[in-house]
Amino acid sequence: MNRKYLYPILIVLVTIGFYYIEEFAGSTITGASTEIGGDTNSKLNFFYLPTSTTGVVVMHNYYSLSYSEKHEQAEWVVYELKKEHVAKHDFKRPYFEKDEKVGTSSADWRNYKKSGYDRGHLCPAGDRGFKYEAFEETFLTSNITPQNHEFNSGIWNDLEQKVRYWAKTYDGVYVATGGVLSGDLKSIGYEAVSVPKYFYKIILDKSSRNPKMIAFLMEGKNSNRPLEEFVVSVDYIEKRTGIDFFPKLEDKIEARLEGSSTIKGWKF
């Protein structure tokens, strides 16, 4: 090849290489898929991915996650929940399986056996009832966390139901959820799965001209308090977790949405 053309081509290739290094350095992204939530993807997944403190990002067909080997669970799970995704189903409940897309392998479900804790879904099976493959995917052990039963079936379930209501009301939302994996945490099982003391859920509604965001932080025990009392700013959760949620949002919009702890505009 003529050097006249070789050097410009090399410059372009090097430039592209630096772009991808800058965007995804330190992250191992596995299982990249062409759809999430049933939608064709590419920019969608990457745009709404939070930062990963572990560098291990797994993209499944119907949700994505950042896995923490230290804590043997996801530090966050994110997905889109559309109005049509909220569907009743009579699917047979599958067995929990290890997530083969996690390079170090996700924790075995037997760690939870006789532990006194539920295998709490992060992306709820109820949010993926529109298709069996999507429903089944929520039973990967990378998508579960130890939760007190009364909490899992009580106030946390109430919040999950509320998110489905918002998905129908606002014609779709984006959800980020997980346990706060910091501080002195107890563990269960032979693989030492950490038991979070607090759990968070962040919901972004971008369906209107004025997008809104709301975040919840809950201690892992049941409560009779109304959901509104658990609302905090996304900034507060970011400080607790070290995670930057929705980093690709325009800076002014991100600052406005993540600094607010108002319930204004959200139908309770």
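I count a charge as sitting over a ring if NZ of Lys or CZ of Arg is within 6 Å of the ring centre and within 35 degrees of the ring normal. By that rule I found the charged end of Arg 225 over the ring of Phe 230, 4.4 Å from its centre, and the charged end of Lys 212 over the ring of Tyr 170, 3.7 Å from its centre.

**Ground rules.** I am working on a predicted model, where local features need pLDDT of at least 70 and side-chain atom pairs count only at pLDDT 80 or more, while totals for chains, interfaces and linings use all residues. Residues are numbered from 1 along each chain as its sequence is written, and side-chain values use heavy atoms, with hydrogens and water left out.

**Overview.** I read the secondary structure as seven helices and 14 strands, taken as DSSP runs numbered from the N terminus (helices are H or I, at least four residues; strands are E, at least two). Of the 268 residues in the protein chain, 47% are buried, where buried means under 20% relative accessible area, exposed over 50% and partly exposed in between, with a 1.4 Å probe and protein chains only. I took contact to mean heavy atoms within 4.5 Å; among contacts between residues at least 6 apart in sequence, 68% join residues at least 24 apart.

**Aromatic pairs.** I pair rings of Phe, Tyr and Trp (its six-membered ring) if their centres lie within 6.5 Å, calling planes under 30 degrees apart stacked, over 60 edge-to-face and the rest tilted. The count by this rule is 16 aromatic pairs. I looked up Tyr 48 and Phe 246, an edge-to-face pair with 6.0 Å centre to centre and 80° between the planes. Tyr 48 belongs to helix H2 (residues 43–48) and Phe 246 to the loop between helix H6 (234–241) and helix H7 (251–258), 198 residues apart; both residues are buried. I then checked Phe 96 and Phe 139, a tilted pair at 5.1 Å centre to centre and 50° between the planes. Phe 96 is in the loop between strand S6 (73–81) and strand S7 (118–121) and Phe 139 in the loop between helix H3 (132–137) and strand S8 (144–147), so this pair ties together parts 43 residues apart in sequence. Phe 96 counts as buried because its relative accessibility is 8%, and Phe 139 is buried at a relative accessible area of 1%. I noted that Phe 91, Phe 96, Tyr 132, Phe 135 and Phe 139 form one aromatic cluster.

**Nonpolar cores.** I define a nonpolar core as a set of buried Ala, Val, Leu, Ile, Met, Phe, Trp, Tyr and Cys residues joined through side-chain atoms within 4.5 Å. In the largest core, of 41 residues, Val 77, Ile 203, Phe 216 and Met 218 touch the most other members. Strand S12 (198–205) and strand S13 (212–219) are among the elements that each supply at least two residues, but H5 gives the largest share, six residues. Another core lies apart from it and has 23 residues, among them Val 234, Ile 243, Phe 246 and Leu 249.

**Strands.** I call two strands paired if DSSP finds at least two bridges between them. S12 pairs in the antiparallel sense with S9 over six bridges and with S13 over eight bridges. Val 175 stands opposite Ile 203 in S12, and seven of the eight residues in S12 are buried.
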